[in-house]
Amino acid sequence: MPKWTLSDDDIEVAVALSAAGELTLEVRHAGRVVVEPSRLGLRAAHADLTEGLLFGGLTARRVEEPYITVTGKRRAHHYVAQEWTLTFTRAGERLDLLVRIGGGGVAYRYAVPWSGPVTVCEEISEYVVPAHARAVLLPYENGRSDYEEIHRHTTAGEAERILYGYPSLFQVDGTWLLLTESDLDSGYAGSRLRFDGRAYRLDLPDPYVTAASPLVTPWRAMVVGDLAAVVESDLVTSLAAPSRVEDTSWIRPGAAAWSWWSDPPSTRDPEEQRRWVDFAAGNGWPYVLADAGWHKDWMPELIAYARDKGVGVWLWSHWQHVDTELEHREKLALWKEWGAVGVKIDFTESDGQDRMRWFDSILAATARLRLMVVFHGGTIPRGTERTWPHFMTAEAVKGAEWIKPRPGKRPLYPATHYLSLAFTRNVQGPMDFTPCTFTAVRDISAGFELALSVIFESGIQHFADGIDSYRRRPEALRLLSEVPVAWDETRLVSGDPADHVVLARRSGEEWYVGAGTAGEPRTITVPLAFLDETAGDQTAGSRTAGDRTFGERSAAGRGEWTAEIWRDASGDQGAGPEPPDDRIVTETVTVTAGGKLDLPVARNGGFTVRLRRQAPDLDKVINQ
């Protein structure tokens with residue numbers, strides 16, 4: 001049986017061709033099998049490219065792509081991978097299998113050349129994950145294609161035989177494996193995984209997809225490594241097509257005030273919207289979102305009022321209201337003329353190819369008009385923020401919308417819901433959870449709720465609680481007025497999808513640490529080695545040295561840092577929407593790079609830490 005072994009560092013991929021001409025792919029990490037031999041191939045209308053295949057040749061190349069994104073867990077990226085193209089034929093028809101290893105993972109895709117448009121009737125790609133592997137999976141059986149479910153913690157072999165949405169997370173002994181896809185456009189449909197008891201098989205929402213020859217599928221991507229490698233990964237972004245927007249100077253990440261969550265009728269009241277503009281301006285938030293209910297008669301005046309306050313206005317729209325080229329010209333162009341800075345487009349509920357055509361169209365139209373865009377009620381990003389940098393975030397998550405305050409209502413979300421998202425959905429790309437809703441029906445502490453401002457990444461971060469709620473918590477509001485929404489570096493300090501997360505993010509010379517837990521009160525230790533390793537290094541997304549020498553970095557990094565801490569007042573809070581002590585307290589201490597912080601947390605509690613380098617003692621530096 002012909003077999004090709006492809007490797008780079010500690011990842012090895014074995015592609016095999018059986019005697020029946022069927023392709024399989026196996027993945028190993030550090031010698032451990034993390035994906036057992038799994039079928040490859042697709043059936044097109046003009047040819048069955050799943051069996052009877054003959055090997056036709058192999059070529060290889062090195063891929064190296066430095067690039068910049070406006071938003072994300074880091075903004076400077078450097079993707080390096082080895083790529084192999086294996087060509088197979090059947091009765092004169094051709095299938096190219098492209099395999100990449102690098103960037104902390106494995107990816108493969110198919111290219112199908114033909115004499116005319118290529119129609120795919122079925123893609124039989126699958127992942128056979130060892131049955132004992134731990135699994136964190138998102139059920140997709142809601143009929144709405146919006147990814148708004150709660151993850152299930154199980155094993156690969158005991159999972160329900162249903163559809164699951166990306167990304168899917170597995171732990172195979174000491175290795176973590178995240179399955180997803182990237183670089184999806186109008187040439188294909190978004191896929192899901194269907195578990196059949198043996199394999200997680202790729203499932204397409206359409207009976208068939210058609211594209212011009214050569215048809216090229218999205219990348220089938222696997223992030224492989226320890227849990228930090230998964231959380232810090234930018235593989236999904238790196239596999240996407242390069243930016244189609246040359247000038248990105250008009251694209252600005254930032255926080256937004258949003259009245260709909262706490263007071264839905266306010267979206268129909270221009271005076272109330274002015275009050276929210278004033279609140280945003282007073283707290284340094286650059287944006288306000290005018291959600292469903294705004295009216296054209298008063299919106300131009302509100303936008304002008306906000307502009308004078310230094311606040312940009314986002315406008316909500318149903319996707320069907322901006323569904324055609326005519327509507328792009330008549331509505332989007334008009335809103336831009338009014339001075340709107342972006343649009344939130346809702347109810348995009350489909351992964352089908354037709355909706356992908358719409359996404360391509362609306363992203364191109366908003367780019368031409370210099371309107372930033374947010375998508376709700378629909379699919380996950382698949383590297384979209386690289387190709388279309390004015391795409392700021394997407395919902396595709398069971399967020400705070402579902403836990404608005406209601407008398408007598410019990411919490412819908414376990415604390416593990418928030419943890420799971422940090423290790424799955426937010427790894428995929430920006431996530432508009434709309435966090436920091438202290439009046440929500442929740443079972444996490446106020447400290448954990450506030451820490452979501454750091455734990456969850458979104459190019460536009462909609463802080464969704466009401467004005468009065470934030471004013472009653474001035475210590476929290478002060479943090480929310482200053483915390484960045486786009487980052488230069490992200491580190492998983494420690495964590496587990498069912499137990500806790502401690503995430504460190506850097507913006508410029510400052511670090512923010514967000515932590516959350518599930519379960520009983522405890523003490524969380526935060527090792528501060530990341531301050532020493534990266535101090536002075538401005539090469540975002542890299543753990544290697546920047547322009548400074550090691551000695552210069554060491555002298556700068558091993559100094560003292562001011563740690564400002566936001567944590568729960570009580571270390572023993574009860575369940576329900578009104579914990580016994582829901583206050584947040586602050587304290588400031590001095591820490592040293594390479595040292596540690598030991599912080600108590602409440603039940604389902606959390607904390608936030610802001611770290612600023614202290615000015616060095618020049619006498620000490622001179623005497624060293």
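Helix H3 (270–282), strand S23 (287–290), strand S24 (312–318) and helix H5 (325–338) are among the elements that cover the buried residues of helix H4, where helices (H or I, at least four residues) and strands (E, at least two) are DSSP runs numbered from the N terminus. The model is a predicted one, in which local features need pLDDT of at least 70 and side-chain atom pairs count only at pLDDT 80 or more, whereas totals for chains, interfaces and linings use all residues. Residues are numbered from 1 along each chain as its sequence is written, and side-chain values use heavy atoms, with hydrogens and water left out.

Within H4 (residues 299–308), the buried positions are Met299, Leu302, Ile303 and Ala306, buried being under 20% relative accessible area, exposed over 50%, and partly exposed in between (1.4 Å probe, protein chains only). These four residues lie on the same side of H4 because they cover an arc of only 100° around the axis, the arc being that of the directions from the helix axis to the C-beta atoms. An α-helix has 3.6 residues a turn, so residues three or four places apart point the same way. The exposed residues Glu301 and Asp308 are carried by the face of H4 turned away from its buried side, and just after the helix Gly310 takes a positive phi of about 80°.

Helix H10 (residues 446–455) is mostly covered, with 10 of its 10 residues buried; Phe448, Glu449 and Ser453 are among them. At the start of H10, the backbone nitrogen of Gly447 has a side-chain oxygen of Ser445 within 3.3 Å, a polar contact being a pair of N or O atoms within 3.5 Å, of which, within protein, one must be able to donate a hydrogen and the other to accept it, while residues adjacent in sequence count only if both atoms are side-chain atoms. In the loop between H9 and H10 lies Thr434, a residue other than glycine whose phi is positive, near 60°; with a relative accessible area of 3%, Thr434 is buried. A positive phi, of about 50°, is also found at Ala91, which is not a glycine. Ala91 is placed in the loop between strand S8 (76–90) and strand S9 (93–102) and counts as exposed at 79% relative accessibility.

Two cis peptide bonds were examined. The bond from Tyr166 to Pro167 has omega near -15°, and Pro167 belongs to strand S15 (residues 163–172). The bond joining Ser213 and Pro214 has omega of about -5°, with Pro214 in the loop between strand S19 (209–211) and strand S20 (215–216).

Thr384, in helix H7 (residues 384–387), counts as buried at 18% relative accessibility. A polar atom of the Thr384 side chain lies 3.4 Å from the backbone nitrogen of Arg382. Not counting residues up to four places away in sequence, Thr384 touches Leu363 and Phe391, contact meaning heavy atoms within 4.5 Å.

Lys3, by comparison, is found in strand S1 (residues 3–8) and counts as exposed at 51% relative accessibility. Leaving aside neighbours within four places in sequence, Lys3 is in contact with Ala14, Val15 and Ala16; Lys3 and Ala16, 13 residues apart in sequence, are 4.2 Å apart in space, C-alpha to C-alpha.
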